[in-house]
Amino acid sequence: MNAYGGAYSAAPQTLTLAANTPTQVALASTMPGSGMTNTPANSVTVTEAGTYELSYNAILSPASNGQLTLSVRQNGTDIPSTPITRTTTPAGVDVFSGDAIVTLAANDVLDLAVTSIAAETVTMGNGVNAMLTVKRLD
């Protein structure tokens with residue numbers, strides 16, 4: 001069975017990050033899909049077990065020097081092959097982009113989260129600023 005779907009953000013958002021605490025990225029807009037849902041909000045839920053390709057990205061502008069990590073989470077836990085960590089500078093624009101192939105169970109919920117090593121404020125500007133797409137491979 002073909003299965004695909006995704007969610008993205010096209011609205012500016014500000015994330016207030018606590019140190020070492022993942023913060024979910026809002027993904028309020030949904031993509032066409034089959035075999036997936038966007039419930040709960042800001043996520044993609046697969047309805048059947050299988051091997052899936054994940055593509056994800058975010059454009060982040062931190063307020064201070066630091067270190068940010070973008071991850072895809074499976075049921076609230078980082079998928080080990082997805083964290084992307086960058087050292088950031090104030091008012092810079094950092095593009096985080098990755099792909100992974102993972103095995104998922106039926107009803108697994110996927111979302112994007114940002115983590116900082118210190119308290120931080122991160123802005124995401126106009127236009128598409130975060131995206132998560134999911135495609136079943138088998």
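Is Val95 buried, exposed or partly exposed? Val95 counts as partly exposed because its relative accessibility is 47%, where buried means under 20% relative accessible area, exposed over 50%, and partly exposed in between (1.4 Å probe, protein chains only).

## Basis of the report

This is a predicted model, in which local features need pLDDT of at least 70, side-chain atom pairs count only at pLDDT 80 or more, and totals for chains, interfaces and linings use all residues. Residues are numbered from 1 along each chain as its sequence is written, and side-chain values use heavy atoms, with hydrogens and water left out.

## Strand pairing

Strands (E, at least two residues) are DSSP runs, numbered from the N terminus. Two strands pair if DSSP finds at least two bridges between them. Strand E1 (residues 4–9) pairs with strand E14 (residues 130–136) in the antiparallel sense, over six bridges. Within this pairing, Gly6 has Thr133 of E14 as its bridge partner.

E1 also pairs with strand E4 (residues 29–30), again in the antiparallel sense, over two bridges. Here the bridge partner of Ala7 is Thr30 in E4.

## Salt bridges

Side chains of opposite charge can pair when their charged atoms come close. A salt bridge is a side-chain nitrogen of Lys or Arg within 4 Å of a carboxyl oxygen of Asp or Glu. By this rule the structure has four salt bridges. One of them joins Arg136 and Glu48, with the closest N and O atoms 3.1 Å apart. This pair links distant parts of the chain, 88 residues apart: Arg136 is in strand E14, and Glu48 is in the loop between strand E6 (44–46) and strand E7 (50–62). Glu48 is partly exposed, with a relative accessible area of 32%. Glu48, Arg136 and Asp138 are linked in a network of salt bridges.

Strand E14 also holds Lys135, which links to Glu53 in strand E7, 82 residues apart. The closest N and O atoms of Lys135 and Glu53 are 3.7 Å apart. Lys135 is partly exposed at 39% relative accessibility, and Glu53 is partly exposed at 25%. The side chains of Arg73 and Asp111 meet in a salt bridge with an N to O distance of 2.7 Å. Arg73 is buried, with a relative accessible area of 13%, and Asp111 is buried at 7%.

## Nonpolar patch and rings

Val95 lies in strand E11 (residues 94–104). Together with Ile59 and Val93, Val95 forms a nonpolar patch on the surface, with about 240 Å² of accessible area in total. Such patches are made of residues with over 30% relative accessible area and no salt bridge, and nonpolar side chains (Val, Leu, Ile, Met, Phe, Trp, Tyr) are joined within 5 Å. Accessible areas come from the Shrake-Rupley method with a 1.4 Å probe.

The charged end of Arg86 sits over the ring of Phe96, 5.1 Å from its centre. A charge sits over a ring if NZ of Lys or CZ of Arg is within 6 Å of the ring centre and within 35 degrees of the ring normal.

## Backbone details

The peptide bond from Thr39 to Pro40 is cis, with omega near 0°. Pro40 is in the loop between strand E5 (36–37) and E6. That loop also contains Asn42, which has a positive phi of about 65° although it is not a glycine.

Asn20 has a positive phi of about 55° and is not a glycine either. Asn20 is in the loop between strand E2 (13–17) and strand E3 (23–24), and counts as exposed at 55% relative accessibility.

Terms used. Patches are made of residues with over 30% relative accessible area and no salt bridge: like charges are joined within 9 Å, nonpolar side chains (Val, Leu, Ile, Met, Phe, Trp, Tyr) within 5 Å. Helices (H or I, at least four residues) and strands (E, at least two) are DSSP runs, numbered from the N terminus.
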